[in-house]
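Got a model open and wondering how to read it feature by feature?

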Amino acid sequence: MKLISYLSENGQRVAGRGSDGGYVDIQSADSSLPSTMRELLALGPEGLNRAAVAVGKGRPMAATPRILAPVPDPQKVICVGLNYADHAKESGVQPPEEPVFFCKFPTAVCAHEDNIVLPKVSAQIDYEAELVVVIGRGGKNIPKQKVVEHVAGYCPGHDVSARDWQLNKPGKQWLLGKTFDTFAPFGPELTTADEVGDPSDLRIQLRLNGTTMQDSRTNQLIFKIDELVAYVSQVCTLVPGDVIFTGTPPGVGMARKPPVLLKPGDSVEVEIEKLGTLRNKCVGE
Ligand code: MN
């Protein structure tokens with residue numbers, strides 16, 4: 001099933017894509033189901049099954065709604081650095097022996113077709129295509145073999161990165177360099193895990209103004225999704241709607257000679273097999 005969050009007059013809502021391509025508001029089709037993505041994800045696989053039934057029998061909305069990020073307000077935006085061997089190499093560092101985590105604040109989240117705002121205080125803004133994992137049922141100390149029960153689905157994502165902040169500020173300000181407002185676009189849809197099947201061999205591409213800059217497969221991940229979720233859940237309790245950006249393949253702008261940086265007017269597309277295409281335009285602050 002393909003799910004979106006969208007903006008109605010009464011705030012955010014969740015809808016599923018019907019067989020004819022139109023979106024069906026889930027609570028309107030079944031009033032016993034909740035109105036938002038996080039509440040729906042909290043119901044676990046059973047809630048998603050009921051949502052699928054509702055989408056099957058509901059009436060699609062007449063107009064295409066204004067799409068929000070699939071989880072517009074995640075409690076946590078967790079990110080993994082250096083998780084493709086080739087990207088670690090192009091970054092001039094050894095592949096890590098354990099996964100490297102950082103985070104973005106929820107204020108960085110934006111949706112498909114939202115503008116990425118390039119902040120005045122950075123001169124080196126780069127792109128990174130990433131597979132995003134969306135947590136369904138929450139948990140702490142989730143064993144690797146149980147992770148599959150906690151993943152609701154997947155989305156294309158873009159880890160926008162201010163390299164000068166991330167790498168050149170005193171102490172290397174990874175968090176600040178990665179968390180400017182609008183630096184965490186993901187979407188347009190959440191594709192549920194049952195529809196994706198095995199997420200560990202999906203083609204992932206990034207196009208900048210139509211030119212392919214990154215083109216790899218998720219089978220290149222150093223730490224797989226089950227390892228990442230198990231590892232981070234040793235530290236913090238995961239809750240429904242938390243998202244994990246799982247790292248980027250080679251081809252980022254800063255590793256190119258000469259470097260390629262994002263500028264106002266640029267269009268960036270992240271396409272992942274089975275998950276769709278996320279598109280955002282860059283604008284100046
Ligand atoms: Mn990244």
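Predicted model: local features only at pLDDT ≥ 70, side-chain atom pairs only at ≥ 80, totals over all residues.

Q: Which residues touch the most other members of the largest nonpolar core?
A: The general idea first: in soluble globular proteins, nonpolar side chains tend to be buried together. Here the largest such core has 42 residues, and Tyr154, Val229 and Leu262 are the ones touching the most other members.

Q: Let's zoom in on Leu262. What is it in contact with, leaving aside neighbours within four places in sequence?
A: Leu262 contacts Leu118, Ile125, Asp126, Tyr127, Val160, Leu208, Val268 and Cys282.

Q: Is Leu176 buried, exposed or partly exposed?
A: To call a residue buried you need under 20% relative accessible area, and exposed means over 50%. Leu176 comes out at 34%, so it's partly exposed. You'll find Leu176 in helix α6 (residues 174–178).

Q: On to charges. How many salt bridges are there?
A: The count is 17. Take Lys76 and Asp242, whose side chains meet with N to O at 2.8 Å. Lys76 sits in the loop between β4 (66–68) and β5, while Asp242 sits in the loop between α8 and β17 (243–245), so to speak a link between distant parts of the chain, 166 residues apart.

Q: Are those two partners buried or exposed?
A: Lys76 has a relative accessible area of 16%, so it counts as buried. Asp242 is at 0%, so it's buried as well.

Q: Which residue forms a salt bridge with Asp159?
A: That's Lys104, with the closest N and O atoms 2.6 Å apart. Asp159 is in the loop between β11 and β12 (161–162) and Lys104 is in strand β6 (residues 100–104), so this pair ties together parts 55 residues apart in sequence. Asp159 is buried at 0%, and Lys104 is buried at 2%.

Q: What about Arg163 and Glu128?
A: Their side chains meet in a salt bridge too, at 2.7 Å, N to O. Arg163 belongs to helix α5 (residues 163–168) and Glu128 to the loop between β9 (125–126) and β10, so parts 35 residues apart in sequence are tied together. Both Arg163 and Glu128 are buried.

Q: Which residues are linked in a network of salt bridges?
A: Lys104, Asp126, Glu128, Asp159, Arg163 and Lys178.

Q: Last one: which residues coordinate the manganese ion?
A: For a metal, look at who donates and how the donors are spaced. Glu128 (OE), Glu130 (OE) and Asp159 (OD) coordinate the manganese ion, at 2.0 to 2.1 Å. Along the chain the donors follow E-x1-E-x28-D. Glu128 counts as buried at 4% relative accessibility, and Glu130 does at 1%. Notice that Glu128 and Asp159 turn up in the salt-bridge network and at the manganese ion.

Technical notes. Residues numbered from 1 in each chain as written. Heavy atoms only, no water. Core = buried A, V, L, I, M, F, W, Y, C linked by side-chain atoms within 4.5 Å. Buried < 20%, exposed > 50% of the residue type's maximum accessible area, 1.4 Å probe, protein only. Contact = heavy atoms within 4.5 Å. Helix = DSSP H or I, 4+ residues; strand = E, 2+ residues; numbered from the N terminus. Salt bridge = Lys/Arg side-chain N within 4 Å of Asp/Glu carboxyl O. Donors = N, O, S within 2.8 Å, 3.2 Å for Na, K, Ca; no water.
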